[in-house]
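Here is a friendly walk through one protein structure, meant for someone looking at it for the first time. Keep the picture open while you read.

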Amino acid sequence: MTDELLQAQALRKQFGNNVVLRDVDLSVGRGEVHAIVGENGAGKSTLIKILGGVHRADGGTMKLEGRELILNSPQAALDQGIVVIHQELSLAPDLTTEENIFLGHFPRNALGLLDRRRMRERTRELLDRLSIEIDPTVPVGQLSIAQQQMIEIAKAISVEAKMLVLDEPTAVLDANRVDTLFDLVERLKAQGIGIVFISHHLEEIFRIADRVTVLRDGERTGTSDVSAIDQDWLVSKMIGREFEAHHTQARGMGEVALELEELSSEGAFENVSFSVRAGEIVGLAGLIGAGRTEVAQAIFGVRPHSSGQMKVFGRPTRFSGPGAAKRQGIAYVSEDRKAFGLLPNRPVRENATISNLARFRSLGLLRLDRERAFVREQIEQLDIRLPSMQAEISTLSGGNQQKVLLGRALAGRPRVLIFDEPTRGVDIGAKREIYRFIEELAEDGVAIIVISSEMEEVLRLSDRVLVMRGGRVAAELPRGEATEESVMRAASLD
Ligand SMILES: Nc1ncnc2c1ncn2[C@@H]1O[C@H](COP(=O)(O)OP(=O)(O)OP(=O)(O)O)[C@@H](O)[C@H]1O
Ligand SMILES: [Mg+2]
């Protein structure tokens, strides 16, 4: 590319003794979408954080439009027109959408006072451009993650950007939102903005990117025009081996473990009825806002239901909270790891066991040996990559944090397990491990509900697919009838 915007050369970064980037080069042209792919922990976010002024590289150089670039803070990057949307969203939950968008650059009137009207108008404009329908005056903490993600993007395009860096933006979006985002990317591209894009969804690379750089264990294993490569090339550069094909085994199913009868929760969902047997995997498909997470929350007792009934192994139950649900053997792995239970500055060990410490107690004492043995088993089973179980969980890569939370769900020996977007931010190799892990749980007789916006995931895992739309179950499709088309049709028809 002749029209270079950014040139990074031989970037190097280490944390303690752990070298996470070794001599990585990256160049981005004006109007180019440059994708970065690699397994969990390969160093993608670290590279992005260097571009965004969050981390200082230990070696190497960066140039923007030919001039040397030294970034001492995220604000410095922003001042240079480099806008980064990080993997972990960073909105202020108590502020409204408009306040979040203009935080740090509030519009002011002639007297230097906050110009609320202009702020509201500009917010409207931005939200319209992104086709986001939300009330800009509610605190963003009350919005879904997908909505928060779109607000981050609105925030990003509210400043004059030369470069937009997106760390796994599509991980929290459904198919429609991905389309909206990609339309926007095309428009920004046409304006000459350089875009760096990270995703574990390889098909997206082929849809949107011009070039791709692959990282493996902190090294750049390849850079190519996307038109010159295929998915196999990417995978082999990422992991250095090919995948074997998958065969699903038929599972035996036991008694009905969980049954919902006409369950309703005001404003969230209505008359939802279904059952899940021991050993069965039921997929909950649907678009964002269809009410899937809300149903899961009601089952887990963190959202009240207004009418209807729920039975666990035949016994009518009404949970007063997650504690009661857990005691009946129900576990829930949330889609929102930040809001739901991840303790960022605590060790992995604690994060893995915190919600079920009773299991590791005897005579009132916490048996550290038992706790460690459990954590070690999870690390092995889920192939969690980490320096030690004492490491703060926030220092693990996103995908590895997710695996710790999956493992945590097992500490309570659940009989009913609800996975809400279980593979968000997880690389394709790890994804397969997680699928196998979920299937093994089902083989052991756990009743499983999988909520996922990824069609392939739902179809691959589920014995039966329930499609939700507008708070209701719109269709129930057995494995043989559930196809991408039938699910999509049921999810979006009105
Ligand atoms: N603040 C930190 N302190 C110590 N180690 C860190 C820190 N941040 C990242 N690491 C380590 O650097 C390595 C690369 O992590 P990074 O987050 O860049 O991976 P990634 O490619 O973005 O992975 P993912 O796909 O899971 O998001 C990992 O081994 C991680 O544990
Ligand atoms: Mg990352």
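In this predicted model, 6 strands come together as an open sheet, and their order across it is S6-S7-S8-S3-S9-S10. The pairing is mixed. At the edges you'll find strand S6 (82-85) and strand S10 (219-225), each of which pairs on one side only. Going from one strand to the next, the twist averages 15°.

S6 runs parallel to strand S7 (residues 163-167), and 4 bridges join the two. If you want a spot to check by eye, find Val83, which stands opposite Leu164 in S7. Helix H6 (residues 175-190) packs on the sheet, where it touches strand S3 (33-37), S7 and strand S8 (194-198). The direction of H6 makes about 150° with that of S8.

Now for a helix elsewhere in the chain. Helix H13 covers residues 398-409, which is 12 residues. From its first C-alpha to its last, H13 reaches 17 Å, close to the 16 Å expected at 1.5 Å a residue. Why is H13 described as largely enclosed by the rest of the structure? Because 12 of the 12 residues of H13 are buried. Among them are Gly398, Lys403, Leu405 and Arg408. And what covers the buried residues of H13? The cover includes strand S16 (330-333), helix H11 (348-353) and helix H12 (368-381), along with strand S19 (416-420) and helix H14 (428-443).

Next up are the salt bridges, and the count comes to 24 of them.

| Arg116 | Glu98 | 3.6 Å |

Take the pair Arg116 and Glu98, joined by a salt bridge. Arg116 sits in helix H4 (residues 116-129) and Glu98 in helix H3 (residues 97-102), so this pair ties together parts that are 18 residues apart in sequence. Arg116 is partly exposed, at 39% relative accessible area, while Glu98 has 1% relative accessibility and counts as buried.

Asp115 is buried, with a relative accessible area of 18%, because buried means under 20%. Arg118 is partly exposed, with 38%.

Arg479 lies in the loop between strand S22 (472-478) and helix H16 (484-492), and Asp463 in the loop between helix H15 (455-461) and strand S21 (464-469), so the pair ties together parts that are 16 residues apart in sequence. Arg479 counts as partly exposed at 34% relative accessibility, whereas Asp463 is buried at 15%.

Salt bridges can also link up: Asp3, Arg30, Glu65 and Lys162 are linked in a network of them.

One last stop is His305. Where is the place of His305? Look in the loop between helix H9 (292-299) and strand S14 (307-312). Is His305 buried or exposed? With a relative accessible area of 8%, His305 is buried. Leaving aside neighbours within four places in sequence, His305 is in contact with Leu263, Ser264, Ser265 and Arg318.

Conventions: Residues numbered from 1 in each chain as written. Chains lettered and ligands numbered in written order. Predicted model: local features only at pLDDT ≥ 70, side-chain atom pairs only at ≥ 80, totals over all residues. Heavy atoms only, no water. Pairing = 2+ DSSP bridges. Axes fitted to C-alpha atoms, helices over the stretch in contact; angles between N-to-C directions. Contact = heavy atoms within 4.5 Å. Expected span 1.5 Å × (residues − 1). Buried < 20%, exposed > 50% of the residue type's maximum accessible area, 1.4 Å probe, protein only. Salt bridge = Lys/Arg side-chain N within 4 Å of Asp/Glu carboxyl O.
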